[in-house]
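Let's walk through this structure together, from the whole chain down to single residues. Keep the viewer open as you read.

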Amino acid sequence: MSANDPHRAGLFPHRHLLGIEGLQPQEILGLLDRADQAVEVSRQIEKVRPVLRGRTQINLFFEASTRTQSSFEIAGKRLGADVMNMQVAASSVKKGETLIDTAATLNAMHPDILVVRHHAAGAVHLLARKVDCSVINAGDGQHEHPTQALLDALTIRRHKGKIARLTIAICGDILHSRVARSNIILLNALGARVRVVAPSTLLPSGIDRMGVEVFRDMKEGLKGADIVMMLRLQRERMNGAFIPSVREYYRFYGLDAEKLAYAKEDALVMHPGPMNRGVEIDPAVADGPQSLIREQVEMGVAVRMAVLEALAAHLPNQ
Amino acid sequence: MSANDPHRAGLFPHRHLLGIEGLQPQEILGLLDRADQAVEVSRQIEKVRPVLRGRTQINLFFEASTRTQSSFEIAGKRLGADVMNMQVAASSVKKGETLIDTAATLNAMHPDILVVRHHAAGAVHLLARKVDCSVINAGDGQHEHPTQALLDALTIRRHKGKIARLTIAICGDILHSRVARSNIILLNALGARVRVVAPSTLLPSGIDRMGVEVFRDMKEGLKGADIVMMLRLQRERMNGAFIPSVREYYRFYGLDAEKLAYAKEDALVMHPGPMNRGVEIDPAVADGPQSLIREQVEMGVAVRMAVLEALAAHLPNQ
Amino acid sequence: MSANDPHRAGLFPHRHLLGIEGLQPQEILGLLDRADQAVEVSRQIEKVRPVLRGRTQINLFFEASTRTQSSFEIAGKRLGADVMNMQVAASSVKKGETLIDTAATLNAMHPDILVVRHHAAGAVHLLARKVDCSVINAGDGQHEHPTQALLDALTIRRHKGKIARLTIAICGDILHSRVARSNIILLNALGARVRVVAPSTLLPSGIDRMGVEVFRDMKEGLKGADIVMMLRLQRERMNGAFIPSVREYYRFYGLDAEKLAYAKEDALVMHPGPMNRGVEIDPAVADGPQSLIREQVEMGVAVRMAVLEALAAHLPNQ
């Protein structure tokens, strides 16, 4: 994977990746091109260039996550980095240290890359202002999750050949989803027609100003869609004000074969995982021929390799 | 350590190591030969061949374990692998993801080797059917723990020069012990005379069909034994239906000098650890001249290196 | 970084680093010289000599710690070691295994370096007697924390050019602080004038015999000080017998601009972290121009690299 490709995969002009917001379409496409290359080279391990050899990558996760943390760990190690996972629950946070002190402490150890997940929107931006190294947002509250949006776009592009002019329906808990937010921004930037489909209680106010078409009915929302992107329903929303019951939710918003039939015949199904089978998606659809769910995970490693490599160009002595 | 030894240490014909059951005696001996070599090379680090360089080994432990996980981690790193420990308690399992989804997720990240411990018998076999990489069973419920049986056999063979025709008494909680099960299968396959010694409440039904002699009295069971292999009594069995009391248990089944005297004069004592000193074994015996307990741990790293190396031959691009 | 420097940075004559007590001043200075070199080389990663390549470093932490464990992990990895963090809370300790059994188990895996933190004073010495590898004390109860004292000394020396004849005031919870204890021994060994400043309830008996001047009043204790070293007040001491209230404590012993004014004009402020802002230190002072607190963390990595490299010379086959 070369950092010196003449065209789009050239220099990524940002030192951090904090969100999709603010990225230019050409920058997004450049990252997707790099990720395509990463998919290829990681199938032949002897072709991977260890651009992070001798570099320290710290995965600082204030929220647990199997797939995102593992994916960043594997991506970093494949590129030769020393990867350190910070046990945040078992750490100084318990002792009452502030986020800023944690950041300053880590910074003083001179890591090269900090991958951060935090439960508060904006925490990652705050950190990035306080440290000298590159920061990657691995999910901050209900704000952004840029590498998830990139891997979703990569998966779509590898199957449909493009993003522009595709009709993409994002369905479910839009209100609490950083995945939805990053995807809406990215897919709009690349010229897709983005729809959101959800009950009113799971739609954020101001959704109309995000450049999406809003549907409250699945069948209407899925009509003619090229891509059906389901969102995870957080367990803590399942009882209470947001949805009447899991059963009701599944009946109206769970993706099954019947609802999927309203989308285009060659429509593809995505989910960021982990899935609640039988809540937002029927297992038969999740494991069916139209599903890209496993491939999304594979693309996750490639996208993270691409982002790490893009940011590595900004490291001193590189 | 050469993967191309002409004789027994040649190609291991299985892509996974899920249990001792189903292995041919020659295959077991081949692994023990490799492990003997691993003991030697790991004493001179410059001689270790990094056959797993650039490879990803994931240790997926659904049950905590100091020694087994550490042992696999050290073995993998010595062979050059990128080793990732999955924090299963802090992971998606909490979020209700199924074992199959976890497997599929990991698989999509293209690990080369998956080392799995799970509290359910059969979980490891299920996983192996769902993933593309090699799977090593690091203990599944009360079913098998094949690398423990291999390291026990290696330890015995290095001291007695053989396994065949030795009299080996396995004592204690046979009912709940995957260690006992794997050892019985392995030692029988190599021609040992295997005895089990336990109170009736700690013997599985059908034990008679496993090719062992059954004793309910320690002194009888130890008479003439070459090897006395003690098992850990799980704390959760200590009160209740299985044994009347720890004190009673120790009196009848705890290995002390007096009971050990019934075995052969040169009998050797083993325990898979961690020990309950004063419950199943007298500290004086555990630390005494006949004990191989520390050496078992050392052999644990060698055996895991041998198994990893044997399976590495099946990796693509190798 | 050369292990063969002719002068002080030559052979470190000890196989373990269990405490500052017992080290000769020249040995301490030798470690500080090495650490100075480590600061330089770690800014140019291509100059780091991987003296621990192929070596296994186990971080065995019985108490959680963000900065100390991370710092040892980064230091070890920069020197090429395979670093393994032992999940002690999730480990055999829960199953009732003794410290000695844990030590013997680890030892049988042939690690090269064992970095240990334990809540009991003396536990690290006990371990060192039971294992074959080098042991580094990363904090044992209220006894010693030698690498913290070394990094404090390094930080001071880089700013003041020396340790000897400086007046250094260590303030706060002296009674429970292994940091204070190691610092008192080290700074005395190098010829500093050491003061302790604390309420009577937070002074250990026998403090008079440690070669320090004792003050109960901050302003008196800080008069003419070159260095003001604040200690963390453990949360568990904050209510109860040791201090009347956090508010009272801050008023009398919290370092603010007013109290700091009693020290020399060019006095520098230190804290081992994590800080309780508003308890033992005013945030304005912690982040102010006289504060060395961030630099202490940076020096932490350098000192641990220096100690690891010094002990590496004792490893077999080196």
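**A guided tour of the model**

Of the 318 residues in chain A, 64% are buried, where buried means under 20% relative accessible area, exposed means over 50%, and partly exposed covers what lies in between (1.4 Å probe, protein chains only). This is a predicted model, in which local features need pLDDT of at least 70 and side-chain atom pairs count only at pLDDT 80 or more, while totals for chains, interfaces and linings use all residues. Residues are numbered from 1 along each chain as its sequence is written, chains are lettered from A and ligands numbered from 1 in the order in which they are written, and side-chain values use heavy atoms, with hydrogens and water left out.

Let's take the overall build of chain A. Its secondary structure comes to 11 helices and 9 strands; these are DSSP runs numbered from the N terminus, with helices being H or I over at least four residues and strands being E over at least two. Chain A has a radius of gyration of 19 Å, close to the 20 Å from the globule rule for 318 residues, so it is as compact as a globular protein of that length. Here the radius is taken over C-alpha atoms, and the rule is 2.2 Å times the number of residues to the power 0.38. Along the principal axes, the C-alpha atoms of chain A fill a box of roughly 55 × 50 × 35 Å.

Contacts tell you how the chain folds back on itself. Among contacts in chain A between residues at least 6 apart in sequence, 74% join residues at least 24 apart; a contact means heavy atoms within 4.5 Å. As for charge, the mean positions of the 39 positive and 35 negative charges of chain A are 1 Å apart. Lys and Arg count as positive and Asp and Glu as negative, leaving out His and the chain ends, and each charge is placed at NZ of Lys, CZ of Arg, CG of Asp or CD of Glu.

Now for the other copies. Chain B is superposed on chain A by a rotation of 120° with 0.0 Å of shift along the axis, at an RMSD of 0.0 Å. That is the relation of a three-fold axis. Chain C goes onto chain B by a rotation of 120° with 0.0 Å of shift along its axis, again with an RMSD of 0.0 Å. The copies are superposed by least squares on the C-alpha atoms of residues with pLDDT of at least 70 in both.

Back in chain A, have a look at helix α3, residues 99-108. Because 9 of its 10 residues are buried, helix α3 of chain A is largely enclosed by the rest of the structure. The buried residues include A:Leu99, A:Asp101, A:Leu106 and A:Asn107. After α3(A) comes A:His110, in the loop between α3 and β3 (113-118) of chain A. A:His110 is partly exposed, with 34% relative accessibility. In chain B, B:His110 also has a positive phi of about 55°, and B:His110 is partly exposed at 35%.

Most residues other than glycine have a negative phi, and most peptide bonds are trans. A cis peptide bond joins B:Gly273 and B:Pro274, with omega about -15°, and B:Pro274 lies in the loop between β9 (268-270) and α10 (283-286) of chain B. In chain C, a cis bond with omega about -15° joins C:Gly273 and C:Pro274.

A:Val212 sits in the loop between β6 (193-197) and β7 (213-215) of chain A and counts as buried at 13% relative accessibility. Beyond its neighbours within four places in sequence, A:Val212 is in contact with residues including A:Ile184, A:Val194 and A:Ile207. C:Asn183 belongs to helix α6 (residues 178-189) of chain C and is buried, with a relative accessible area of 0%. Setting aside neighbours within four places in sequence, C:Asn183 is in contact with C:Ala149, C:Asp152, C:Ile170, C:Asn188 and C:Met229.
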